[in-house]
Amino acid sequence: MIYTRMAVVVDHPHGFRPLARLPRCRLQSYSHFDPTMLEFTHNITHPSNLTPNFHRSYSTPCLSLATKAKEEFESPNPRIEIISGRKAPMVHALVAEVAIALASGVKPKPVSSGLGGAYYLQSRKGNTIAVVKPADEEPLAFNNPKGFAGRMLGQPGMKRSIRVGETGLRELAAYLLDHDGFAGVPPSALVKICHVTFNINNSTSTSTSSPPFKITSIQRYVEHETDAGDLGPSGFSISSVHRIGILDIRLLNLDRHAGNMLVRNFHGSYAAGVAELIPIDHGFCLPESLDDPYFEWLHWPQSAMPFSETEAEYISNLDPFKDAELLRTELPLIRECSVRVFILCTIFLKRATRAGLSLADIGQMMTREFIGGEENWSILENICMNAKAKLESELTTNTINEVKDAEMFAFDENLNMKDDVSMHPASVKPQKTMKFSAIDARLARLVQECDIKEGGCGPNPMILRSVSFAGHNNNHENGVCVSFEEIKEDEWLLFLECFEELLPEAFEEKKSTSLFKQRLGSSCEF
């Protein structure tokens, strides 16, 4: 076993006492953990049921004071260890500050706002340094402290396309994908915090102690004056709105409301375009299927402004496939269907920007509309449905051609055998009958997709009639949405090709609609 010493910087003038003896820290971290660990429920108080599910590595120093494996549960000392995000910039500095605060006896302070359990962690000076959100205290999770409990980890959450206990993964994903801090997502990580008091529901009088550890997301706390809900949009800079919007489009953010955009550099001044926005709370990003996003900025005047050269260049340089590999490597627990949604949305953003659409145009194409009391699928969802139908048609055609070629080959061979039958009668074998199971399977999948219009999560399309974007009624009770999980790996790239082929006409239709609305608005006098 390898040991090292963890140095703690002590500030004597502010009442800190130096440690009498520097603790030894084992070079042990939990770089990956098995998906089965998310299945723990109320038996979280029994550490013996959980420890085998961790894959241990000794490559990254952890901030642990234990010297033996079992001491992680027997020792009462608080500890924090990085599970995911250890390669992300500024994460180690954040975790080190939190470790020092916990070692000095600071207790987590519950946050009253929000639906999930969240806690502020402060330094001994009283400065807030981080926000932690335990996985088992998320909305609907079994240890939720605000009355929104009742489901196990891994079940559908507040948003059906995002599971209970997995929002922390998405917090980290947003930080990893915010390259060079373009949108300003605070440093985030997924950590394991040991022997720190958090909420436990249904605890008995004989067992009042907290569980040995909790898996939680952690984010750097950002100093701010207020949030976007307290100000009018005219005070925000165009750059801040655009950068947050670009991130939200890429991640298909389902919950970008005013409360999770913090305002800095406001200083009580209402000067237009001065305040800076900081995006937080990205737990409802990267859904497992296309869903209805909520973009608070959608109708702000800044979103209708063209992208700047810097923003357009940033979008142009985005590589959705490289970023997808980053997600698979750093966050293997995020399901592939979520990664595919990210790839598709990034391609959509890149192509739409190249076509000259604004942030507002792109957001509107991704958002569902209510018409005549019905919720209609977004333009993006309709494009994907048509791309799926196009893919199935091409695959079915290819399969039929392959069957025809096989039949022709069999016919030629049969003729040759008839020519030789007098010479070699005993060598002739009966021909096998070609079956059309492959074609039937293709057609069945196509019909299944078309049946969604009778009761799925899809609405009636407003455009693209020339490519047969048929209307679909929405029925969320059935939980049917546009998903890419069923597409085979070798068909995924073919689907993306079909998807991109349909985009130019959709973009032209959107630009025509926007131009018509602009002319209509300019002709009205009030």
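Q: Which element gives the most to the lining of the largest pocket?
A: In this predicted model, β8 gives the most to that lining, with 3 residues. The elements that give two or more residues to the lining are β8 (128–134), α3 (167–177), β10 (213–220) and β11 (226–227).

Q: What volume does the largest pocket have, and which residues lie nearest its centre?
A: The volume of the largest pocket is about 930 Å³. Its lining is made up of 38 residues, and G114, A118, K133, I280 and D281 are the ones that lie nearest the centre. Sorted by class, the lining has 16 nonpolar, 14 polar and 8 charged residues.

Q: Why is T167 called buried?
A: A residue is called buried when its relative accessible area is under 20%. T167 has a relative accessible area of 16%, and therefore T167 counts as buried. Its place is in helix α3, and, leaving aside residues up to four places away in sequence, T167 touches E138, I162, G283 and F284.

Q: What makes the pairing of T167 with E138 a polar contact?
A: The term calls for a pair of N or O atoms within 3.5 Å, one able to donate a hydrogen and the other able to accept it. The side chains of T167 and E138 make such a contact at 2.6 Å, so the distance falls within the cut-off.

Q: Why does D136 count as buried, and where does D136 lie?
A: D136 has a relative accessibility of 1%, which is under the 20% cut-off, and so D136 counts as buried. D136 lies in the loop between β8 and α3, and the side chain of D136 makes a polar contact with the side chain of K214 at 3.2 Å. Along the chain D136 and A149 are 13 residues apart, and their C-alpha atoms are separated by 9.5 Å.

Q: Which members of the largest nonpolar core touch the most other members?
A: This core has 107 residues, and F348, F484, F495 and F499 touch the most other members. Helix α7 (residues 336–354) gives the most to this core, with 10 residues. As for F499, the residues touched by its atoms, apart from those up to four places away in sequence, are L344, I347, F348, L380, I383, C384 and A387. In soluble globular proteins, nonpolar side chains tend to be buried together.

Q: How many helices and strands does the protein have, and what share of its residues is buried?
A: The protein has 11 helices and 15 strands, and buried residues make up 47% of its 526 residues. Among contacts with a separation of 6 or more, 71% are between residues 24 or more positions apart.

Technical notes
Residues are numbered from 1 along each chain as its sequence is written. This is a predicted model: local features need pLDDT of at least 70, side-chain atom pairs count only at pLDDT 80 or more; totals for chains, interfaces and linings use all residues. Side-chain values use heavy atoms; hydrogens and water are left out. On a 1 Å grid over the protein atoms alone, a cavity is a set of points where a 1.4 Å probe fits but cannot get out, and a pocket is an open set with protein on both sides within 12 Å along at least five of seven lines; lining residues have an atom within 4 Å of a point. Grid points are joined across faces, edges and corners, and a volume is the space filled by probe spheres set on the points. Helices (H or I, at least four residues) and strands (E, at least two) are DSSP runs, numbered from the N terminus. Ala, Val, Leu, Ile, Met, Phe, Trp, Tyr, Cys and Pro count as nonpolar, Asp, Glu, Lys and Arg as charged, and the others, Gly among them, as polar. A nonpolar core is a set of buried Ala, Val, Leu, Ile, Met, Phe, Trp, Tyr and Cys residues joined through side-chain atoms within 4.5 Å. Buried means under 20% relative accessible area, exposed over 50%, partly exposed in between (1.4 Å probe, protein chains only). Contact means heavy atoms within 4.5 Å.
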